[in-house]
Amino acid sequence: MSAVPEGVGGTLVLPASDYARDRTSWLAARRSGLGASETAVALGLNDYRTPYQVWAEKIRTDDPVDEDPSEAARWGSVLEAPVAREVSRRHHDLGKIAPSPGLFRHPEHTWLLATPDRILVERGRRYSGRALALLECKTVGDWAYRSSWTGDYPPNPYLVQVQQQLLVLDMDVAYLAALIGGQRMPAPWRIDRDDRVAQQIVEYTGAWWEQYVVTGRAPALTFADRSILSQVYPGDTDLDALRADDRLVDVYARLLDARRREAEAKAERAALEFEVQTALGDRTALVDDAGAELVTWRPTTSRRLDPTALRKALPDVAAEYTTASTSRRLVVKEVA
């Protein structure tokens with residue numbers, strides 16, 4: 001009996017049973033193409049990852065490491081099964097829930113990959129029976145839902161992800177279920193395959209893959225990559241200094257102005273805080289006429305390790321647990 005339900009297309013490259021307990025094989029296989037969630041990143045539609053970060057992962061040759069996910073990602077994974085079961089319980093007409101068969105590849109556009117969350121299949125038959133639709137399960141915070149789900153409709157990154165899944169698995173319909181704020185779950189959104197969008201995904205991702213992954217040439221860094229700049233550019237003191245052109249002279253001038261305004265704002269803030277603190281005296285809160293707290297200034301106790309004392313008292317222990325790190329510090333100088 002095949003683990004892939006009838007009606008599901010694409011090429012199964014890695015069965016789910018191969019990575020049920022250890023995702024490293026799945027992570028390694030994903031380096032051979034763009035997963036459905038990664039395409040939105042390559043398109044610049046993701047607020048949490050960048051095209052450069054996806055590219056850097058694709059060109060790596062070392063063994064992948066299944067690193068601990070973020071808190072939000074971990075809960076998304078933990079709650080995936082309960083969300084799917086609740087869809088089945090509430091919406092009996094959509095079909096029975098079948099597990100994901102694994103990682104699929106498009107047979108023609110081989111850089112396109114997809115790992116569906118679940119598959120909805122006909123009831124009354126084993127899960128390897130005829131597939132009706134894909135099911136994507138999401139957990140969304142209240143704030144993210146209010147800010148990103150335009151007209152209560154899933155945001156573009158999710159729509160791109162589902163369209164790629166439909167394309168890779170050669171299916172026509174998907175449902176996206178979302179648990180909002182951990183407390184409510186609207187009816188699943190039906191998403192029909194859009195061949196126009198599918199063609200755009202093929203064209204854009206194909207060009208992106210060829211231009212960056214095949215050649216090994218990195219995509220442009222974005223402002224969202226600023227935390228890894230020292231890793232991307234570790235610095236080479238043997239290189240000649242860069243001579244500023246007109247654009248960089250203007251950037252430098254605006255940077256100096258921003259630093260001056262920042263310093264002025266910090267000084268003003270400190271002065272205003274001083275006024276509030278001296279007015280409070282020993283009181284710990286400032287309230288308005290209705291009693292609502294405007295400012296609090298309460299005693300707090302914090303405990304921090306004293307590295308100087310540790311080095312004096314236990315120098316061997318301090319040395320053993322001291323690590324060196326290298327980074328770059330941007331020093332802006334004012335030229336008269």
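Which residues of helix 7 are buried? They are Leu159, Val160, Gln161, Val162, Gln163, Gln164, Gln165, Leu166, Leu167, Val168 and Leu169. Buried means under 20% relative accessible area, exposed over 50%, and partly exposed in between (1.4 Å probe, protein chains only). This is a predicted model: local features need pLDDT of at least 70, side-chain atom pairs count only at pLDDT 80 or more, and totals for chains, interfaces and linings use all residues. Residues are numbered from 1 along each chain as its sequence is written, and side-chain values use heavy atoms, with hydrogens and water left out.

**Helix 7**

- Helix 7 covers residues 156-169. Helices are DSSP runs (H or I, at least four residues), numbered from the N terminus.
- The helix is mostly covered, with 11 of its 14 residues buried.
- At 1.5 Å a residue, its 14 residues should span 20 Å, and the end C-alpha atoms are 20 Å apart, which agrees. The expected span is 1.5 Å times one less than the number of residues.

**Aromatic pairs**

- The structure holds six aromatic pairs. Rings of Phe, Tyr and Trp (its six-membered ring) pair if their centres lie within 6.5 Å; planes under 30 degrees apart count as stacked, over 60 as edge-to-face and the rest as tilted.
- The ring centres of Tyr52 and Trp55 are 5.3 Å apart and the planes stand at 50°, so this pair is tilted.
- Both residues lie in helix 3 (residues 51-58), three residues apart, about one turn of the helix.
- Tyr52 counts as buried at 12% relative accessibility, and Trp55 counts as buried at 7%.
- Tyr145 and Trp149 also form a tilted pair, 5.4 Å centre to centre with 45° between the planes.
- Tyr145 is buried at 7% relative accessible area, and Trp149 is buried at 5%.
- Ring pairs link Tyr145, Trp149, Tyr158 and Trp189 into a cluster.

**Second largest pocket**

- Its volume is about 1,100 Å³. A pocket is an open set of points on a 1 Å grid over the protein atoms alone, where a 1.4 Å probe fits, with protein on both sides within 12 Å along at least five of seven lines; lining residues have an atom within 4 Å of a point.
- The pocket is lined by 17 residues, and Leu242, Leu248, Leu255, Arg328 and Leu330 lie nearest its centre.
- Helix 9 (229-232) and helix 10 (246-280) are the elements that give two or more residues to this lining.
- Helix 10 gives the most, with five residues.

Technical notes. Points joined across faces, edges and corners; volume = space filled by probe spheres on them.
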